[in-house]
Amino acid sequence: MIGDYTEEEDRLRRIAVILTNGVKVSSDKHNRLLFRGADAVDFLVLNGISRDRRHAVEVGNALMLTLSLFDHIDLSHAFRDDKSLIYVLHPERIQQQNATEPSTAPIPIIDNQKRVASRRKQQLEAEGGKTGSIGA
């Protein structure tokens, strides 16, 4: 156990860091990091974090409710395996929570916003400078 967290909270924090650094995200005109529910489910299943899509939804809801890692874009839905539902990612919440943990935490935190900005720049260059994003 890390700090005063339960083993389940420790596990969720590790998953949160992995998801934050790996799920396909986009940004909108407000510079919020956005992802689709189905993309997060795909990520959790394909990376062996969840055994199936139903379990991935359970994990997603735990990340959303226990750690407040993300919210539905208009706060009207729980986490679902649905490509039409968009969620706002809050990686800074994990960084704030991890700030009190020992420096020997097993999963390093990567600055996701820099990574996303770099990925977005590459996408725009590949598209010839066209713009467009989720929820823009």
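**Close-up views of a predicted model**

**View 1. Helix H1 and its buried residues.** Asp10, Leu12, Arg13, Ile15, Ala16, Val17, Leu19, Thr20 and Asn21 are the buried residues of H1. The model is predicted. H1 covers residues 7-22, which makes 16 residues. At 1.5 Å a residue, the helix should span 22 Å. An α-helix has 3.6 residues a turn, so residues three or four places apart point the same way. Glu9 also belongs to helix H1. Its relative accessibility is 25%, so Glu9 counts as partly exposed. The C-alpha atoms of Glu9 and Leu63 are separated by 9.4 Å. Along the chain, these two residues are 54 residues apart.

**View 2. The whole chain, for orientation.** The protein chain holds five helices and four strands. Along the sequence they follow the pattern α-β-β-α-α-β-β-α-α. The chain has 136 residues, and 40% of them count as buried. The accessible surface comes to about 7,900 Å². Carbon and sulfur atoms hold 50% of that surface.

**View 3. The four-stranded sheet.** The sheet is open, and its strand order is E1-E2-E4-E3. The pairing is antiparallel. Strands of a sheet pair through backbone hydrogen bonds, either parallel or antiparallel. E1 (26-27) and E3 stand at the edges. Each has a single partner strand, so one side of each is left without a neighbour in the sheet. E2 and E4 run antiparallel and are joined by four bridges. In this pairing, Arg36 stands opposite Ile86 in E4.

View 4. E1 and E2 run antiparallel, joined by two bridges. Ser26 stands opposite Leu34 in E2. Ser27 has Leu33 in E2 as its bridge partner. The two strands form a hairpin with five residues between them. In the turn, Asn31 has a positive phi of about 60°.

**View 5. The largest nonpolar core.** This core has 26 residues. Leu19, Phe35, Leu63, Leu69, Phe70 and Phe79 touch the most other members. H1, strand E2 (33-36), helix H2 (37-46), H3 and strand E4 (86-89) each supply at least two residues of the core. H1 gives the most, with five residues. In soluble globular proteins, nonpolar side chains tend to be buried together.

**View 6. The surroundings of Phe79.** Which residues does Phe79 touch, not counting residues up to four places away in sequence? Its contacts are Phe35, Gly37, Ala40, Val41, Ala56, Val57, Gly60, Asn61, Met64, Phe70 and Tyr87. Phe79 is also one of the core residues that touch the most other members.

View 7. A pair of aromatic rings is described by the distance of the centres and the angle of the planes. The structure holds five aromatic pairs. In one of them, the ring centres of Phe35 and Tyr87 are 5.7 Å apart. Their planes stand at 25°, under the 30 degrees cut-off, so the pair is stacked. Phe35 lies in strand E2 and Tyr87 in strand E4, 52 residues apart, so-called distant parts of the chain. Phe35 has 0% relative accessibility and therefore counts as buried. Tyr87 is likewise at 0% relative accessibility and counts as buried. The rings of Phe70 and Tyr87 have centres 5.7 Å apart. Here the planes stand at 75°, over the cut-off of 60, so this pair is edge-to-face. Phe70 lies in strand E3 (residues 70-72) and Tyr87 in strand E4, so the pair ties together parts that are 17 residues apart in sequence. Phe70 is buried, with a relative accessible area of 1%. One aromatic cluster is formed by Phe35, Phe70, Phe79 and Tyr87.

**View 8. His55 in helix H3.** His55 lies in helix H3, which covers residues 53-66. Is His55 buried or exposed? Its relative accessibility is 13%, under the 20% cut-off, so His55 counts as buried. Leaving aside residues up to four places away in sequence, His55 touches Ile49 and Ser50.

Definitions and conventions
Residues are numbered from 1 along each chain as its sequence is written. This is a predicted model: local features need pLDDT of at least 70, side-chain atom pairs count only at pLDDT 80 or more; totals for chains, interfaces and linings use all residues. Side-chain values use heavy atoms; hydrogens and water are left out. The expected span of a helix is 1.5 Å times one less than its number of residues. Buried means under 20% relative accessible area, exposed over 50%, partly exposed in between (1.4 Å probe, protein chains only). Accessible areas come from the Shrake-Rupley method with a 1.4 Å probe; for residues, only the protein chains shown count as cover. Contact means heavy atoms within 4.5 Å. A nonpolar core is a set of buried Ala, Val, Leu, Ile, Met, Phe, Trp, Tyr and Cys residues joined through side-chain atoms within 4.5 Å. Rings of Phe, Tyr and Trp (its six-membered ring) pair if their centres lie within 6.5 Å; planes under 30 degrees apart count as stacked, over 60 as edge-to-face and the rest as tilted. Two strands pair if DSSP finds at least two bridges between them.
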